[in-house]
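Good morning, and thank you for the time.

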Amino acid sequence: MTDTPEPQRHIGHLIRRTQQLHATLWAAEVSERITSIQYAVLAALERIPGASQREIGEEAAVDRSTIAELVPRMQRAGL
């Protein structure tokens, strides 16, 4: 038996808490306008101008279905 209380001993809970902290710090330190995944997409486009969605996804480590939804949304937002 461990002394660590519930739910802190479950990796899924810790990952979720880490993501929450990341989002809070990102907004405070980097940008409230764009998310870190949007930043990764923009950085990929800077490195590979004219890249396809497949290339952007590979470069930004984003799966195909996510990038297919994310890119048009970013275009509509003027990013």
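This is a predicted model: local features need pLDDT of at least 70, side-chain atom pairs count only at pLDDT 80 or more; totals for chains, interfaces and linings use all residues.

Let me begin with the packing of the helices. Two packed helices are described by the angle between their axes and the distance between the axes. Helix α4 covers residues 64–76, and α2 packs against α4 at an angle of about 85 degrees, with the axes 11 Å apart. An angle from 65 to 115 degrees counts as roughly perpendicular, so α2 is roughly perpendicular to α4. On the α2 side, the residues in this contact are Ile37, Gln38, Val41 and Leu42, and they meet Thr66, Ile67, Leu70 and Met74 in α4. By class, the contact of α2 with α4 has six nonpolar residues, two polar and no charged.

I turn now to the other partner of this helix. The axes of α3 and α4 are 10 Å apart, and the two helices pack at an angle of about 105 degrees. That makes α3 roughly perpendicular to α4. Here Gln53, Ile56 and Gly57 in α3 meet Ile67, Ala68, Val71 and Pro72 in α4. The contact of α3 with α4 divides into five nonpolar, two polar and no charged residues.

Which elements give two or more residues to the largest nonpolar core? The core itself has ten residues, namely Val41, Ala44, Ala51, Ile56, Ala60, Val62, Ile67, Leu70, Val71 and Met74. The elements that give two or more of them are α2, α3 and α4. Of these, α4 gives the most, with four residues.

Met74 touches Gln38, Val41, Leu42 and Leu79, leaving out residues up to four places away in sequence. Ala51 lies in the loop between α2 and α3. With a relative accessibility of 13%, Ala51 counts as buried, since the limit for that class is under 20%. With residues up to four places away in sequence again left out, Ala51 touches Leu45 and Ile56.

Is Gln38 buried or exposed? This residue is found in helix α2, and Gln38 is buried, with a relative accessible area of 9%. Apart from its neighbours within four places in sequence, Gln38 is in contact with Arg33, Leu70, Met74 and Leu79.

A contrasting case is Ala61, in the loop between α3 (53–60) and α4. Ala61 is exposed, with a relative accessible area of 71%. Its backbone also deserves a remark: Ala61 has a positive phi of about 60 degrees, although it is not a glycine.

Finally, I come to the aromatic residues. The count comes to one aromatic pair. The ring centres of Trp26 and Tyr39 are 5.6 Å apart and the planes stand at 65 degrees, so the pair is edge-to-face. This pair links distant parts of the chain, with Trp26 in helix α1 (residues 11–29) and Tyr39 in helix α2 (residues 36–47), 13 residues apart. How do the two residues stand in terms of accessibility, buried or exposed? Trp26 counts as buried, at 16% relative accessibility, whereas Tyr39 counts as partly exposed, at 46%.

Thank you for your attention.

Definitions and conventions
Residues are numbered from 1 along each chain as its sequence is written. Side-chain values use heavy atoms; hydrogens and water are left out. Rings of Phe, Tyr and Trp (its six-membered ring) pair if their centres lie within 6.5 Å; planes under 30 degrees apart count as stacked, over 60 as edge-to-face and the rest as tilted. Buried means under 20% relative accessible area, exposed over 50%, partly exposed in between (1.4 Å probe, protein chains only). Axes are lines fitted to C-alpha atoms, for helices over the stretch in contact, and angles run from 0 to 180 degrees between N-to-C directions. Angles under 35 degrees count as roughly parallel, over 145 as roughly antiparallel, 65 to 115 as roughly perpendicular and the rest as oblique. Contact means heavy atoms within 4.5 Å. Ala, Val, Leu, Ile, Met, Phe, Trp, Tyr, Cys and Pro count as nonpolar, Asp, Glu, Lys and Arg as charged, and the others, Gly among them, as polar. A nonpolar core is a set of buried Ala, Val, Leu, Ile, Met, Phe, Trp, Tyr and Cys residues joined through side-chain atoms within 4.5 Å.
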